[in-house]
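Hi,

Here is the structure I promised to pass on. Have a look at it first, and then read my notes below.

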Amino acid sequence: MNPCEPTPPPRTPTRVLRLLLGDQLNPLHPWLREVRPDVLYVLMEVRSETDVVDHHAQKVLAIFAAMRALAAQLRARGHRVRYLPLDHPHNRQSIPANLQALLQAHGAEAVELQQPDEWRLDDELRRWAAQAGVPVRIVDSGHFLLPRDGVAQLLGRQRRWVMEHLYRHVRRQYRVLMDGDRPLGGRWNFDADNRSPWRGQPPEPADPRPRHDVRALWQLLQTHGVVTVGHPQADALPWPLTRAQALTQLDAFIEHSLPHFGPYQDALAQGHPRLFHSQLSWALNVKLLHPLEVVRRAEAAYHAGAAPLASVEGFIRQILGWREYVRGVYWTHMPGYTTRNALGHTRALPRWYWDGQTDMACLRAAIGQTLQHAYAHHIQRLMVTGNFALLAGCDPAQVHRWYLGVYIDAFEWVEAPNTLGMSQWADGGLMATKPYAASAAYLKRMGDHCHHCRYDPRQRIGPQACPFNALYWDFIARHQDSFAAHPRIGMMVRQWQRIAANEQRAVRQWAQTLLMRVDEL
């Protein structure tokens, strides 16, 4: 069934329009439990969304293809659906404008929305609702474990928010990995056990994801001038488009990757972009999967003896802890969070963030993989691409837009706090307890890229020296007044101050040389 076919004339007048956004693709939402002939579900492909930033081609393709798949499923189940493809002659390329036109065309008496997850779209739709001329009812998406203000309610009175406090509360609330009121294994957090480099064993599992031929959809995007970045892989798009496909991917992760996820979750390995990561964040963020069902599957694997506690806890913490936490940070501090720049960084991103053509092997791998696959795991994002941008003093707003565009799972509610708070420390410490800055020593310890690189991680200055080293100490020196009293990074300031003055000058001069020719590194 073609989801873009016109909706046949209804036998029952349309009373309610229900909007489904491109990241609201949950076929189990309470709305859909009952087939109502007076309700028309509306999905639309619009330029006002594709053009927010230059998105990765796979991201636009996957969202549109998954929307079309859901529309076809809903029609097959008896729901009435109005789908506006990008090239429809009546598509006004704006969600509010299309809703207003559909209201008039169908004479509907009300509109219902699920809460948008991005502040920009939430604000846009609320403004439209105030003058829509009919009641506009907003319901919960039913996806998250806490309400929008849940994190603020739990942590708001604390002087400094700490994710661990939220994580323990949610573990107790949902009885996850608990033994009475105590955590299983006697510890809440096994992060210290999960920092091993990967040396080739155990072998990386096969990629379980489906492949889809979306060349016709890619041609549509090109014909209409949608600007994208990265490789489309339109002949074999490797992302789940339906809930059934996402569940199959979840099954494969639980069986083959979760047992080894923990020790190697931070590992960097040349030519192995996935290792034991689930790559389920796309399916979660467009709501094909519910976070609690993913958590319960991992927990069940531990109880069945199929995965060790450290791996299961580490995976669950990313979903129960970090995912809920970053959403709370986002909604507490928006609007305005995405313009924060606590460190005053203004440098443009190096040109090779857009093509991966750099001699630094770790960055070449992370960016090349990003452009090829629309994916990089959290350490690549935080400690490779994010780390370099932080050390080089790149404009956090530009870094934010890059991350929002290039990753398939990047939606602003989850991407902005991770980028601006965790990675770039642009919020001055609201999100993270320290700036995540590191020299080449960390990268060498966690991966094998240095073996494939022309730069030497042991050298601090000179043409063969890894640029991360001089840039790291230059970063510490630039911000030493701010960081001197910091409980976690203050020790690095004191270490810098113990370096002889002539060596300090040499390091900082070399850092400036690097920054002057950063596009050539």
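This is a predicted model: local features need pLDDT of at least 70, side-chain atom pairs count only at pLDDT 80 or more; totals for chains, interfaces and linings use all residues.

**The sheet and what surrounds it**

Strand E2 (residues 39–44) and strand E4 pair in the parallel sense over 5 bridges; strands and helices here are DSSP runs (H or I of at least four residues for helices, E of at least two for strands), numbered from the N terminus, and a pair of strands needs at least two DSSP bridges. Within that pairing, leucine 43 has tyrosine 83 of E4 as its bridge partner.

Residues are numbered from 1 along each chain as its sequence is written, and side-chain values use heavy atoms, with hydrogens and water left out.

Back to the strands. The open sheet has 5 of them, in the order E4-E2-E1-E5-E6, with parallel pairing. E4 and strand E6 (136–139) are at the edges with a single partner strand each, so one side of each has no neighbour in the sheet. Direction ignored, neighbouring strands are turned by 25° against each other on average.

At the E6 end, strand E5 (residues 110–114) runs parallel to E6 and is joined to it by 4 bridges. There, leucine 113 stands opposite isoleucine 138 of E6. Helix H2 (residues 57–76) packs on the sheet and touches E2 and E4, its direction making about 155° with that of E4. Contact means heavy atoms within 4.5 Å; axes are lines fitted to C-alpha atoms (for helices, over the stretch in contact), and angles run from 0 to 180 degrees between N-to-C directions. Helix H4 (residues 119–130) lies across strand E1 (16–19), E5 and E6, at about 150° to E6.

Buried is under 20% relative accessible area, exposed over 50% and partly exposed in between (1.4 Å probe, protein chains only). Arg80, Arg82 and Leu84 are on one side of E4, with Val81 and Tyr83 on the other.

**Helices and cores**

Helix H15 (residues 412–423) is mostly covered too, with 11 of its 12 residues buried. Its cover includes helix H9 (281–285), helix H11 (309–333), helix H13 (378–392) and helix H14 (396–406). Following H15, tryptophan 425 has a positive phi, near 50°.

Helix H6 (residues 163–174) packs against H11 at about 110°, with the axes 9 Å apart. The two are therefore roughly perpendicular (65 to 115 degrees). Their contact involves residues including Tyr167 and Arg171 of H6 and Arg317 and Trp322 of H11.

Which residues touch the most other members of the largest nonpolar core? They are Leu258, Leu363, Phe388 and Phe468, in a core of 151 residues. A nonpolar core is a set of buried Ala, Val, Leu, Ile, Met, Phe, Trp, Tyr and Cys residues joined through side-chain atoms within 4.5 Å. A second, separate core has 21 residues, among them Leu40, Leu99, Leu102 and Leu103.

Not counting residues up to four places away in sequence, serine 439 touches Phe468, Asn469 and Tyr472.

Cheers

Methods: Angles under 35 degrees count as roughly parallel, over 145 as roughly antiparallel, 65 to 115 as roughly perpendicular and the rest as oblique.
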